[in-house]
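Have it open and follow the points in turn.

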Amino acid sequence: MRELIKTDKTIPFMRLRIGAWIFSGLLMIASIASLAINQLNWGLDFTGGTVIEVGYEREANLSDIRATLDANGFSGAVVQNFGTQQDVLIRLEPQEGVKAQQVGDQVLSLLREASTEEVTMRRIEFVGPNVGEQLTEQGGLAMLTALICILAYIAFRFEWRLALGAVGALAHDVIITLGLFSVLGLEFDLTVLAALLAVIGYSINDTVVVCDRIRENFRKYRKGESEEIIDGALTDTMSRTVITSLTTVLVLLALFFLGGALIHGFATALLFGVFIGTYSSIYIASSLALALGVSREDLMPPEVEKEGEDLEPMP
Amino acid sequence: MLNKFPLWKNLMVIVIVAVAAVYALPNLYGEDFAVQVSATRTTTVDTQVLGRVEDRLQEINIEPKSVVLEDGQLLVRLNSDSEQLRAREALLQELGTDYVVALNLAPATPDWLEALGASPMKLGLDLRGGVHFLMEVDMNEAMRKILGQMRDTVRADLREERIRYTSVERDGNGLQIRLRTADDFQAAMRYLDGAYDGYTLIDDEAAQQLTLRMTEAKLKETQDYAISQNVTILRNRVNELGVAEPLVQRQGADRIVVQLPGVQDTARAKEILGATATLEFRMVDDENSIRDAEMGRVPFGSELYPNRNGGNVLLKEDVILTGDHIVNATSGFDENQRPQVSITLDGAGGDKMSLATRDAIGKPMATLFIEFKATGERNAEGNIIFERKEEVINVATIQARLGSSFRITGLDSVQEAQNLALLLRAGALIAPIQIVEERTVGPSLGQENIDMGMQAIIWGFVLVLAFMVMYYKKFGMVANLALATNLVLIVGVMSMIPGATLTLPGMAGIVLTVGMAVDANVLIFERIREEIKAKRSPQQAIHHGYDSALSTIADANVTTLIAAIILFAIGTGPIKGFAVTLAIGIVTSMFTAIVGTRAVINAIWGGKRIDKLSV
């Protein structure tokens, strides 16, 4: 296994850019449509309410649990297995009334009374509705702040066309990952939000490496169309892109299969994010910059002004 | 010479890695089962207590690993969890309620490491089990209370100055003072101007009315005070619960985080934490007719309150004393074997009580019990609406001038006396609080999370190591060495930073760092391969490979760091844990991948004649 990618010839990535745009465009439209229609399956962190996870000694009988809850005024509870057949997750919408924060304890003692075997409390989470609302606001705000800060940094370090391309690619990644969660109805909780920010971090990492090479090649080869230069840069970085994605995917697979149910959403978002992020740094970031008309002149090192040049001559 | 590090650079790498390794070491030693004895507010833990504990343990045939008295706390390390439980039972009996006896897990860090200040990483509640509460403080009530005290002060001062006023009442964030005559108005204006810190005086001569408005600075100070007061009181209450290493911390403008590791009985924890009871002592208004008041004609300067035993009581508006002056409260029995609560006041409280009761012997004084219950509804600003439930629990004739210790009698049951004493002792919250978030993790789930997190880290690590060796041969092994060092650095730094906590998402962050940390080495090695392909000599290839990859790596990592910092800023609890490990991982991985691998590669290949590189 000497080399994953043969890099002798320049791969004409940009020739496919129209196709890639249509593909990405369709994915984005589908994602936004799904987000508008299905919305996200917001987790407890955002909606507020109560989650109780209990462990039974044997396989749990979900319909019995539902019946017990219904009979005691907790109708509308979502009861499902969590991770294993013995573990049960019960989710209750925020309840009107004074004792919202005691629902967890009440449900737990109900289940203990109703069951002949021992019921272990694994976790109880209660989130007030107001906390959730604030979190949604904060989460959106964090995402925007991150994008703006990264935009500013890349514009400062590189050039605004590349920065716009990079941030465009990030927005693309975030929207499509959100779309995936919406289409599949996966629960969107705080860890997924964290994963999304990590996707931003990962994708920008990839994009920066590509941008860096684009700038370098523009400076190195005095001839050639912008398209050729970008193709060359993408080809040069290709094997690095693939290897880093591969190692990241390897550890994420370990996390996905071994990390347990609590971390599943996190691993799913990141796994998908790594693929979409790798794709977008090749096709979206650089082709956006190309479309915006990035050229050699924009990326040449600034002329160093001679010291004292623009000073008035001494009288 | 090309590719040789100066001695200082090599030394720096060695020293940094060695220091991190030493600080990471305590994490390998695990934890001892322990019982922790700490004092309540009225007692101290000293060598005498130490002696009692040792004797008692000997009696029940338990040989502790060690018994150490430190920072006013006694830590008894034991050999097994069954011994731990037995020891706690015995010590609870021995020491009674004057001391808090809590189960704990104490890090088994050897002495020489502890002497260096090394300690293991703190584990988040999702890993060690326990309860996390987020509480919201009702600021409106805090303001109401503070302005109420201010109102009493202003009234008293005006009386002292012989300035006659029509009324002094609260108005928003200030007090409104109405005067009788123009002379009084002038006198009041002269007197009140600048009399109180943090208040500005606004005068309205036409209406003969003055307003004392709280300044912005004072307002903020007041709110900060209310929060910190509540934090202190919650800490006291948490101590009553007997929890080892609790955390009570302010979060944001009006919230408090309470974390109780190892607590399973959340119902009781909530009952004690959430209870907001306070007492006010007031004189009974026996000059006016209670029947008139009940008909709606409450005389000016008095207020009507329900009596717990039925009927109503007419009380003077002025508060003699509030519950925050209470130093200690214990339940017991009076001469007639009825439950009572004995109260001890602080110095200022004693003075106030003594002054107020000096000329009131033979007059009735009432104890007003105020409780706040959250209604679960919110007002337009999204703040919780609290219902203020006030009732007179006791009316007693003042037999003698009261000082800093006295008793409340006439309570219904022993249980009530005990509860009241507990709440009073733990202090009265200056403003009511409500739990807005609760997360409880059972101990089995915590251990499972640790196991699964470790599995994921180990397997992710092994997979990446295998891949790197296959793909980059010897250079891959150098990168692997860097990766392993990186793990040690992350753990070392996490253990060094006091505020850093390892959570389940934090472990995910470490896994992710392992995957992404090799990126820097991949960038460098790919460059070196390119340079070799461009027919450079091996030494030149290494040199240029590192040089040209450097700025790329820096840019790529700074942008990721931006994302991590933002995550840290908005996240709470576990998410903060993820952000912390991610950020630390980025910084340490840059060090190991750039400086660390270079040191090793220079040492092995640098400055020699070589024809071929194993990359």
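1. A word on burial before anything else. A residue is called buried if 20 or more other C-beta atoms lie within 10 Å of its own, exposed if 12 or fewer, and partly exposed in between, with C-beta atoms placed from the backbone. Helices (H or I, at least four residues) and strands (E, at least two) are DSSP runs, numbered from the N terminus. Keep in mind that this is a predicted model, where local features need pLDDT of at least 70 and side-chain atom pairs count only at pLDDT 80 or more, while totals for chains, interfaces and linings use all residues. Residues are numbered from 1 along each chain as its sequence is written, and chains are lettered from A and ligands numbered from 1 in the order in which they are written.

2. Start with helix H7 (residues 182-192) of chain B. Which of its residues are buried? They are Asp184(B), Phe185(B), Ala188(B) and Leu192(B). Looking down the axis of H7(B), these buried residues fall within an arc of 100° (taken from the directions from the helix axis to the C-beta atoms), so they line one face of the helix. The face turned away from that buried side carries the exposed residues Ala182(B), Asp183(B) and Arg190(B). The cover over the buried residues of H7(B) includes helix H6 (139-160) and strands E8 (174-179), E9 (199-204) and E10 (209-214) of chain B. Just after H7(B) comes Gly194(B), with a positive phi of about 80°.

3. Gln208(B) has a positive phi near 50°, and it is found in the loop between E9 and E10 of chain B. Gln208(B) counts as partly exposed because it has 19 C-beta neighbours inside 10 Å. Gln337(B), which is not a glycine either, has a positive phi of about 60°. Gln337(B) belongs to the loop between strand E16 (326-333) and strand E17 (339-345) of chain B. With 7 C-beta neighbours inside 10 Å, Gln337(B) counts as exposed.

4. Now over to chain A and strand E2 (residues 49-55). Seven of its seven residues are buried. On one side of E2(A) sit Gly49(A), Val51(A), Glu53(A) and Gly55(A), on the other Thr50(A), Ile52(A) and Val54(A), so to speak a strand with both faces covered. For pairing, DSSP has to find at least two bridges between two strands. E2(A) runs antiparallel to E5(A), joined by seven bridges, and Val54(A) stands opposite Met121(A) in E5(A). E2(A) also pairs with strand E4 (residues 84-92) of chain A in the antiparallel sense, over six bridges; there, Arg91(A) is the bridge partner of Val51(A).

5. The strand pairing carries on across the chains. Strand E5 (residues 120-127) of chain A and E21(B) pair in the antiparallel sense over five bridges, with Glu125(A) opposite Arg439(B). How many residues does each chain bring to the contact? Chain B gives 63 residues and chain A gives 57, two residues being in contact if their C-beta atoms, placed from the backbone, lie within 7 Å. On the side of chain B that touches chain A, H13(B) gives the most, with 15 residues.

6. There is a nonpolar core to find, meaning a set of buried Ala, Val, Leu, Ile, Met, Phe, Trp, Tyr and Cys residues joined through C-beta atoms within 7 Å. The largest one has 138 residues, and those touching the most other members include Ala146(A), Leu255(A), Val511(B) and Leu567(B). H13(B) supplies the largest share of this core, 20 residues. Leaving out residues up to four places away in sequence, Leu255(A) touches Ile263(A), Ala267(A), Ala456(B), Gly460(B), Ala508(B) and Val511(B).

7. Last, the record. An unreviewed UniProt entry places "transmembrane region" features on chain A, including residues 242-263 and 269-292; positions follow the numbering used here, feature names are shortened, and annotations may be inferred rather than shown by experiment. Residues 242-263 of chain A are 77% helix and 0% strand, with end C-alpha atoms 25 Å apart. For residues 269-292 of chain A the figures are 96% helix, 0% strand and 30 Å.
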